[in-house]
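This report goes through one protein model, from overall form to single residues. The sequence and the coordinates come before the text.

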Amino acid sequence: MAKTGQTSVIAVSDPAALAKAAADRITARIVANGGRVAICMSGGSSPKQLFELLATDTYRSRIPWDRVHWFIGDERFVPADNPLNNMRMARQAFLDKCAPPANVHPILTDTADAEEAARRYESELKSFYGADRLDSTRPLFDVVLLGVGPDGHTASLFPEYPAVEETQRWVIEVPKAHVEPFVPRVTLTLPTLASCREMMFEASGAGKRAILTRVLDGEDMPATRARSQGETVWLLDKAALPENFRA
Ligand SMILES: O=C1O[C@H](COP(=O)(O)O)[C@@H](O)[C@H](O)[C@H]1O
């Protein structure tokens, strides 16, 4: 596995400040890379405010949309128009308004099963990257955005599921999630997520504080194992910030 870089925790006042901090960091990464950019987005509810912000004039005018490609880190195996579909939320919040359709890369769920969906997405990522093996000197993504679930899962990598140990596949099926909604999922694996310049976790609210305390304390969980080969940043609002990170 690629060598991992520096990890930091950044605390901001509230969810609005969190979305702004994330939007600023993503925009800075996009602008810093003068060529083709790849962003891997998280699912769940945490990134909604960030996504909506990217569609506002302030960010819309700064992002060179033609050269930015948008991927998703995990997907529920439900149709594209199902409210549970992760990419659907991103599309509604900003992609349909801002991004050229060819630059939006959903995990397609019109396949026979989640395994086929995973294999197809893996092929798409390999063809985008231009190689079958990840090279630690050339990250796949500029930014990987992630969230954390109450059990320490990130993307659809759940504690004690075989997907967490996968080192060969880039994308893998998760036959059944043990959290709601109880549907099969497709997820990028840890080595694939690690192949980025910056991994950015976003979490807000007091409900996340207990799990963040355990993850940032280093307890072995998928969210703890997820590390960028470049920079890893935990963007947290005040309510989510573990006690020992408070001044
Ligand atoms: O199941 C999922 O949960 C995590 C966390 O979701 P959130 O609603 O608490 O933000 C998310 O990052 C992941 O992509 C999603 O599929």
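The sections below describe the fold, the sheet, a helix, the ligand shell and some loop residues.

## Overall form

The structure is a predicted model. The protein has 8 helices and 10 strands. Its radius of gyration is 17 Å, close to the 18 Å that the globule rule gives for 247 residues, so the protein is as compact as a globular protein of that length. Along the principal axes, the C-alpha atoms occupy a box of roughly 50 × 45 × 40 Å.

Of the 247 residues, 48% are buried. Among contacts with a separation of 6 or more, 79% are between residues 24 or more positions apart.

## The sheet

An open sheet is formed by 7 strands in the order S1-S10-S9-S6-S2-S3-S5, and the pairing is parallel. Strand S1 (7–12) and strand S5 (104–105) are at the edges, where each has a single partner strand, so one side of each has no neighbour in the sheet.

Strand S9 (residues 196–203) pairs with strand S10 (residues 231–237) and is also joined to strand S6 (residues 141–146). In S9, 8 of the 8 residues are buried, so this strand is largely enclosed by the rest of the structure.

A further pairing links S7 and strand S8 (residues 185–188), in the antiparallel sense. Strand S7 (residues 171–174) is covered on both faces. Val-171 and Glu-173 are buried on one side, and Ile-172 and Val-174 are buried on the other.

| Strands | Sense | Bridges | Opposite residues |
|---|---|---|---|
| S9 and S10 | parallel | 6 | Glu-198 and Glu-231; Ala-203 and Leu-236 |
| S6 and S9 | parallel | 5 | Leu-145 and Met-200 |
| S7 and S8 | antiparallel | 4 | Val-174 and Arg-185 |

Which residues of helix H7 (residues 209–216) are buried? They are Ile-211, Leu-212 and Val-215. Viewed down the axis of H7, its buried residues fall within an arc of 100°, so they line one face of the helix. An α-helix has 3.6 residues a turn, so residues three or four places apart point the same way. The buried residues of H7 pack against S9, S10 and helix H8 (222–225). After H7 comes Gly-218, with a positive phi near 95°.

Lys-208 is in the loop between S9 and H7. Is Lys-208 buried or exposed? Lys-208 has 23 C-beta neighbours inside 10 Å and therefore counts as buried, the threshold being 20 or more. Apart from neighbours within four places in sequence, Lys-208 is in contact with Val-148, Ala-203 and Ala-240. Ala-203 is the residue whose bridge partner in S10 is Leu-236. Lys-208 is 78 residues from Gly-130 in sequence, and their C-alpha atoms are 38 Å apart in space.

## The ligand shell

Which residues surround the ligand? The shell consists of Ser-42, Gly-43, Gly-44, Ser-45, Ser-46, Asp-74, Asn-86, Leu-146, Gly-147, Gly-149, Ala-155 and Ser-156. By class, these shell residues are 2 nonpolar, 9 polar and 1 charged.

## Two loop residues with positive phi

Ala-155, one of the residues around the ligand, lies in the loop between S6 and S7. Its phi is positive, about 45°, although Ala-155 is not a glycine. Ala-155 is buried, with 32 other C-beta atoms within 10 Å.

Glu-160 also lies in the loop between S6 and S7. The phi of Glu-160 is near 70°, again a positive value in a residue other than glycine. Where Ala-155 is buried, Glu-160 is exposed, with 10 other C-beta atoms within 10 Å. A residue counts as exposed at 12 or fewer such atoms.

Terms used
Residues numbered from 1 in each chain as written. Predicted model: local features only at pLDDT ≥ 70, side-chain atom pairs only at ≥ 80, totals over all residues. Pairing = 2+ DSSP bridges. Near = placed C-beta within 6 Å. Nonpolar A, V, L, I, M, F, W, Y, C, P; charged D, E, K, R; others polar. Arc of directions from axis to C-beta. Contact = placed C-beta atoms within 7 Å. Rg over C-alpha atoms; globule rule 2.2 N^0.38 Å.
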